[in-house]
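Subject: Structure for your review

Dear colleague,

I am passing the structure on to you below, together with an account of what I found in it. Please read the notes with the model open beside them.

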Amino acid sequence: MDIKDKIVESTKEIFSTMVMMDVTVVDQDPTARQAIRDGISGIIGLAGTRKGVLAIHIPAPVALAITGSFLGMEVEEINEDVEDAVGELANMLGGNVKTILSENGRDIELSLPTTISGTNYDFQTAKDVEVTALAFATDTGTFSVELQLER
Amino acid sequence: MDYVTVLQEGTVEIFETMVMLPIVLQRVTEHSDSTLTDARVTGMIGFGGTIKGMIGVSATADMAKIVTGSLLGMEIAHLDDDVKDAFGEIANMIAGALKSACGENGIDIDLAIPNSVVGDCLHISGLRGAKRVVLEFSASAGKLWIELKYLEA
Amino acid sequence: MGKNVLLVDDSSTMRKIIGRSLRQAGISFDNIFEAGDGLEALAILEKERVDIVLSDINMPNMDGISFLREKSMRDDIKDIPVLMISTETGDDIIGEAKSLGAVGAIKKPFTPDKVNEILGPLL
């Protein structure tokens, strides 16, 4: 199983067990280089034997639905609850990627997660990296998960 | 370890030597949440180890263009890929200064890779339970913020 | 005949910054070659005439130390001088670089004056 399949498996598992939402992989270009019109991204760094960044990019309506289901409450705007939920998603995905990449779980360290929200924003990694990007569908819309790893 | 001093000295040194644009520390805020609503560009890098965290370097649009132009030695008209690259690299350099200072204090940290973002109404969240410190610098071209979020293991 | 330089750093931004610093230090080269890691650097050294290499230490694929070691074993390129440009300040790693043939080191962050002071005498 390659890393792409493992990220799909992890994402589905996190969403079905923690967020209480089923997500499916969709065949669309998930590149995060495209500007996000209105949304939130959760980001966490990987350091140590493998260096990289794991990011989850979520359009605002999808982020509200995910947070609502995750926290079991109504959410109407991108607020601290949404930031916490998206940061926690990045944290869990980062933890899974760490396990996937690491021999004994000790040679890769995770940073703290952070979120960025805004309108018309786009990302760029500052180095030549290997990018694995996937788009997932929910009832409300799609979001993407992107792993950048230093070669 | 005095993180504020480390960040302040590291940032000032990098701006004096590499960016060649003098900047002045205006104020330091330490709280769990803050909004950098004037920022149009943010470069960030995570780190892990004995202390885990994230460093962000944000700036207003004009400031970002001046800083990038001076750092790369070219004219910058728009918030383009060069600006993103420059802010990723500045975040990387400031994180390098933090890593050195941590090393001298017997604290081991490893750096992730930088990412940067350009956008409108950028809002960067902290993490509940983590410490967050924001240093606001100014220059004639505008403002620049260095923020550190960290959690001691 | 003018001189050629090879800049080796995994950050293309850092290569631009070094290029800018060279210009501001008043050091001009006929050709500035760029490589993102030690492997690319070796490939360029095999086919281009390079007078001096400015190299980072921490890089993916082949880092600056492995690059020096590999280069020292190739007779055709082993005498090309390499100046390290790195955030690494530890005496250990700089000492190791020098034992593998590095002619000196510039610590990041650096000013154009510093570049001139260290690189100037080597040209």
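This is a predicted model: local features need pLDDT of at least 70, side-chain atom pairs count only at pLDDT 80 or more; totals for chains, interfaces and linings use all residues.

Chain B and chain A

The contact between these two chains takes 37 residues from chain B and 34 residues from chain A, and the area buried between them is about 3000 Å², of which carbon and sulfur atoms give 54%. Within chain B, the residues that lose the most area to chain A are B:Ile113, B:Asn115 and B:Arg128, which together make up 21% of what that side buries. There is one salt bridge across this interface, and it joins B:Lys84 to A:Asp122, with the closest N and O atoms 3.0 Å apart. Besides this, 14 residue pairs are found in polar contact between chain B and chain A, counting pairs in which both residues are at pLDDT 80 or more. The elements of chain B that each supply at least two residues to the side touching chain A are strand E2 (41-49), strand E3 (51-59), H3, strand E4 (109-111), E5 and strand E7 (142-152), and of these E5(B) gives the most, with 11 residues. By class, that side of chain B has 16 nonpolar, 12 polar and nine charged residues.

B:Asn115 counts as buried, because its relative accessibility is 2%, and its side chain makes a polar contact with the side chain of A:Gln148 at 2.9 Å. Leaving aside neighbours within four places in sequence, B:Asn115 is in contact with residues of chain A, including A:Val53, A:Phe123 and A:Gln148, and also with B:Thr42, B:Gly43 and B:Met44.

Chain B and chain C

Here the contact takes 14 residues from chain B and 14 residues from chain C, and the two chains bury about 1300 Å² between them, with 61% of it on carbon and sulfur atoms. On the side of chain B, B:Met18, B:Leu72 and B:Glu89 supply 39% of the area buried against chain C, more than any other three residues. The interface holds one salt bridge, formed by B:Asp82 and C:Lys16, whose closest N and O atoms are 2.6 Å apart, and six residue pairs are in polar contact between chain B and chain C, both residues of a pair being at pLDDT 80 or more. Two or more residues of the side that touches chain C come from each of helix H1 (3-19), helix H2 (61-72) and helix H3 (81-104) of chain B, and H3(B) gives the most, with five residues. The side of chain B that touches chain C has seven nonpolar, three polar and four charged residues.

Helix H1 of chain B and what follows it

The buried residues of H1(B) include B:Tyr3, B:Leu7, B:Ile14, B:Phe15 and B:Met18. The N-terminal end of H1(B) is capped by B:Asp2, a side-chain oxygen of which lies 3.2 Å from the backbone nitrogen of B:Val4. Just after H1(B), B:Met20 takes a positive phi of about 55°.

Backbone geometry in the other chains

Most residues other than glycine have a negative phi, and most peptide bonds are trans. A:Met20, which is not a glycine, has a positive phi of about 65°; A:Met20 is found in the loop between helix H1 (3-19) and strand E1 (24-26) of chain A and counts as exposed, because its relative accessibility is 58%. A:Asn120 also has a positive phi, near 50°, but lies in strand E5 (residues 114-125) of chain A and is partly exposed, with a relative accessible area of 42%. In chain C, the peptide bond from C:Lys108 to C:Pro109 is cis, with omega near -5°, and C:Pro109 lies in the loop between strand E5 (102-107) and helix H5 (112-119) of that chain.

Cysteines

The structure holds zero disulfides over all chains.

With kind regards

Terms used. Residues are numbered from 1 along each chain as its sequence is written. Chains are lettered from A and ligands numbered from 1 in the order in which they are written. Side-chain values use heavy atoms; hydrogens and water are left out. A disulfide is a pair of cysteine sulfur atoms within 2.5 Å. Contact means heavy atoms within 4.5 Å. Buried area is the accessible area (1.4 Å probe) that two parts lose on being put together, summed over both. A salt bridge is a side-chain nitrogen of Lys or Arg within 4 Å of a carboxyl oxygen of Asp or Glu. A polar contact is a pair of N or O atoms within 3.5 Å; within protein, one must be able to donate a hydrogen and the other to accept it, and residues adjacent in sequence count only if both atoms are side-chain atoms. Helices (H or I, at least four residues) and strands (E, at least two) are DSSP runs, numbered from the N terminus. Ala, Val, Leu, Ile, Met, Phe, Trp, Tyr, Cys and Pro count as nonpolar, Asp, Glu, Lys and Arg as charged, and the others, Gly among them, as polar. Buried means under 20% relative accessible area, exposed over 50%, partly exposed in between (1.4 Å probe, protein chains only).
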